[in-house]
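Okay, thanks for coming, everyone. Let me put the model up on the screen, and then we'll walk through a few places in it.

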Amino acid sequence: MAELGSKGVTAGKIAINVQKKLTRAQEKVLQKLGKADETKDEQFEQCVQNFNKQLSEGTRLQKDLRTYLASVKAMHEASKKLTECLQEVYEPDWPGRDDTNKIAENNDLLWTDFHQKLVDQALLTMDTYLGQFPDIKSRIAKRGRKLVDYDSARHHFEALQTAKKKDETKIAKPVSLLEKAAPQWCQGKLQAHLVAQTNLLRNQAEEELVKAQKVFEEMNVDLQEELPSLWNSRVGFYVNTFQSIAGLEENFHKEMSKLNQNLHDVLLGLDKQYSGNAFPVKAQPRKKTKLFARLRKKMSSDSTPAKANKSPSPPPDGSPITSPETKTVNHDLEPSTLETPGASIPKSPSQPAEAAHAGAEAAGSEAAAGAEPSKTEADSGSSSLPAVVVETFPATVNGTVEGASSERADMPPGFLFKVQAMHDYTATDSDELQLKAGDVVLVIPFENPEEQDEGWLMGVKESDWIQRKELDQCRGVFPENFTERVQ
């Protein structure tokens, strides 16, 4: 029975709500069509517009504040990883290691504290501020529905009041009929019943109007007080919120500045202690045998006749061979004279040609393939030359013989391009060039491409070439990463 009763009550409420919705819909249609007037309050409507604007601004501020907090969180993680990297690369024997670890810990704590205070003093306050808007928004909507109910009740009561005379006329007609069909005593009772029924409807309409008006006015009065107060409160809320954020940022950056200054001082001490160890630019290691050392080894150990083309015999007047394509090696000289292959051979007037020839034969079978005895002073009319071995090395570019037509007259044979030294380079071997920042080097090809190490080039400094024009005595290898191509 209780269930049936509850179901009945629920069904009755549903019917009442449906009837209210129909009545409101009918009233709104009549108002839109202009057949029923609508109660308006311009002051309240302005308050509602301000409320909607305030809600929109607050929602946007809350969204941007959450984005700001997410950025702070991301910055905290990035800063933490950066300090962790510093701790990992800071070697144990460096001064200030304990200080850097302490700075990293304080940095992490400072970021964590800053983020938490932003949440407590800004975000939570923002959430509380916006938490009151849904309830007020719901009450504004309910007030609008009660206003429609009030207008509907008012129009119904007014309609009954207007139709009062018509109702009296409708009651008079049945009375005249009753006079013919009913006894006299019954006619008065019937008329009294109709009047009482009409009065009852009018009284019910009036009661409904008073009730609807009361409910509406109670809600309207409350909102008329709350909405302006809420609108004015936005100023204080914005001031407090941004003051809190600004104050937290100010304190955070002050503390962070101290930590950064401490870190700066620690690294400055490290720099002073290791100030002499400037960051060096290193050349790639040369994995192959040094070029000139290999040539010396070849000249000293090669016992078979050279397969290179023989150089032409000296001219009848005994002048030395000056072709830039040849290298002359005097096997009678001391080993120290072989430091620079292809060095010019001094004349020896006091040495007979026969002795020079004998010295050349004693040097090995290599002399037999590449040398010819020079003429005596009596035959040539000039000072004699020592016996030499002449080997011809044609200039090559990437393994291809470069013709004389492709060479520039003012450049060394096989010239490729120019580079300029960007850093100083100290030669570590006799076949390397000593470079200073700003030196211009003329790059030439290796005579044998297999001799070239990765990251190394062959060349001659431009200043040496201009002054001496002697490629064999000036050229050498150098690291490519110490230079920059300029032409």
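Before I point at anything: when I say two residues touch, or are in contact, I mean heavy atoms within 4.5 Å. And a bit of housekeeping: this is a predicted model, where local features need pLDDT of at least 70 and side-chain atom pairs count only at pLDDT 80 or more, while totals for chains, interfaces and linings use all residues. Residues are numbered from 1 along each chain as its sequence is written, and side-chain values use heavy atoms, with hydrogens and water left out.

So, let's start with D151. You'll find D151 in helix α4, residues 133–162; helices here are DSSP runs of H or I with at least four residues, strands are E runs of at least two, and both are numbered from the N terminus. Is D151 buried or exposed? D151 is buried, at a relative accessible area of 1%; buried means under 20%, exposed over 50%, and partly exposed in between, using a 1.4 Å probe and protein chains only. Leaving aside residues up to four places away in sequence, D151 touches E27, Q31, D37, E38 and T39.

Now over to the sheet. Five strands make up an open sheet, in the order β8-β7-β6-β5-β9, with antiparallel pairing; two strands pair if DSSP finds at least two bridges between them. At the edges sit β8 (476–479) and β9 (483–485), and each of those pairs on one side only.

Let's go through some of the pairs. β5, residues 417–421, pairs with β9 over three bridges, antiparallel, and there V419 stands opposite R485 in β9. Then β6, residues 440–444, is joined to β7 by four bridges, again antiparallel, with I444 opposite M458 in β7. On to β7 and β8: four bridges, antiparallel, and W456 faces P479 in β8.

Stay with β7 for a second, residues 456–461. How many of its six residues are buried? Six of the six. W456, M458 and V460 point one way from the strand, while L457, G459 and K461 point the other way, and all are buried.

Last stop, K469. This one is in the loop between α11 (462–468) and α12 (471–474). Most residues other than glycine have a negative phi. K469 isn't a glycine, yet its phi is positive, about 55°. As for accessibility, K469 comes out at 45%, so K469 counts as partly exposed.

That's my tour, thanks!
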